[in-house]
Amino acid sequence: MSRINPELREPTWENVVVDEPIGPLTVKADEAWRRRACFALDDYSPDYFGETAAFVPAPMAGRDLVALFCSVYDPSRTVGLHQKEEIWFVNPIPLDTELHYSGKYTDKYMKRGKGYTVFDTEARDAISGKLYVRQISTEIMRIPDNIQLGTGGASKTPVEGHVQPLWPEHLTPVERASEHLAPGTPVKPLIKCPQQAQMTVFSGGNTQWYNIHTDREVALKAGFRDTLAQGMMETCWIAEMLARFIGESWHTSGWIKMAYVKPVFRGDTIICKAVVQEVEDELIKFHVWAENQHGEITAAGWASANKN
């Protein structure tokens, strides 16, 4: 595949420079940005869509932050695997906000022959400096030739701490959090079926990026059986599910930490689930996960938010 910009660096572990500032990149979260986000995420919540909607989907800013490295490293040469994601939703993003994206690689290390990188980024108001979203992503920068792909080999366990994706079949899922919320309460699941058009918009197709998410030829060459959804899409879906459950306070106190353990391919049916694990004063803690149509866990982790 031809390179997008020969002046950009090859996206390899060896080329990653730790503590080098990346950005700020200025992005306006205007109506076009919002419509792309709603379409890519299939999220038409009242907060985001309709004549009276005041905000844009903050999870899409998280997606932009994951891709911020592509302003320095050639996106057309990226064939990596997103391993973990941690994201904080600090403030809702009003429509037409001018955002500054900035970040840096804070660490890189070798583990079992694979080169990992840790990327810490944030989205702030370009004028006031107000923080909207922060995220930390851990990724294999370039897939080694001897790593078998598409088989769930990213990790054998979802995350440290032994998240148990156990669904309480005997309980009725709850649609909205209440004042007397008990541990073990299942949240109403959210079902997604990512289509190629959505994956392409989410993964930079509008800027002509060719990658394992947008181009089947690139995906096949990398060892996958088809194009696959970004792991970050699963995090965005989990965020949508919990925003519906928690309400307004999700947008100012929401936190998710996930590990991606099995690829999600276009056309898969993904069921997002959450179970309340603990309620501490005003803080609700969850175990969260996603599973495909075969009942296989594709991602798992933790989340939390304050009560409304």
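This note sets out numbered points on a predicted model of a protein.

1. Basis of the note. The structure is a predicted model in which local features need pLDDT of at least 70 and side-chain atom pairs count only at pLDDT 80 or more, while totals for chains, interfaces and linings use all residues. Residues are numbered from 1 along each chain as its sequence is written, and side-chain values use heavy atoms, with hydrogens and water left out.

2. Confidence. The mean pLDDT (the predictor's confidence in each residue, from 0 to 100) is 89 for the protein, and 89% of the residues reach 70 or more. Over residues 146-160 pLDDT stays under 50. For that segment the model has 31 contacts (heavy atoms within 4.5 Å) beyond four places in sequence.

3. Overall organisation. The protein has six helices and 14 strands; helices (H or I, at least four residues) and strands (E, at least two) are DSSP runs, numbered from the N terminus. Among contacts with a separation of 6 or more, 70% are between residues 24 or more positions apart. Of the 308 residues, 53% are buried, where buried means under 20% relative accessible area, exposed over 50%, and partly exposed in between (1.4 Å probe, protein chains only). The accessible surface is about 13,900 Å², and carbon and sulfur atoms contribute 50% of it. Accessible areas come from the Shrake-Rupley method with a 1.4 Å probe; for residues, only the protein chains shown count as cover.

4. Nonpolar cores. A nonpolar core is a set of buried Ala, Val, Leu, Ile, Met, Phe, Trp, Tyr and Cys residues joined through side-chain atoms within 4.5 Å. The largest such core has 63 residues, and Val133 and Phe286 touch the most other members. Helix 5 (residues 231-246) supplies the largest share of this core, eleven residues. A second, separate core has ten residues, including Val218, Ala219, Ala222 and Leu228.

5. Beyond its neighbours within four places in sequence, Val133 contacts several residues, among them Ala58, Ala61, Gly62 and Leu65. Other contacts of Val133 include Trp88, Phe89 and Glu122.

6. The structure holds 13 salt bridges, each a side-chain nitrogen of Lys or Arg within 4 Å of a carboxyl oxygen of Asp or Glu. Glu31, Arg34 and Arg35 form a network of them. The N to O distance is 2.7 Å for Arg34 and Glu31, and 3.0 Å for Arg35 and Glu31. Arg34 lies three residues from Glu31 in helix 1, and Arg35 lies four residues from Glu31. An α-helix has 3.6 residues a turn, so residues three or four places apart point the same way. Arg34 counts as buried at 6% relative accessibility, whereas Glu31 is partly exposed at 28%.

7. A salt bridge between strands. Lys273 and Glu291 meet in a salt bridge at 3.3 Å, N to O. This pair links distant parts of the chain, Lys273 in strand 12 (residues 270-280) and Glu291 in strand 13 (residues 283-291), 18 residues apart. Both Lys273 and Glu291 are buried.

8. Surface patch. Phe39, Tyr44 and Phe49 make a nonpolar surface patch of about 280 Å²; patches are made of residues with over 30% relative accessible area and no salt bridge, with like charges joined within 9 Å and nonpolar side chains (Val, Leu, Ile, Met, Phe, Trp, Tyr) within 5 Å. Phe49 lies in the loop between helix 1 (31-41) and strand 2 (55-56) and is partly exposed, at 39% relative accessible area.
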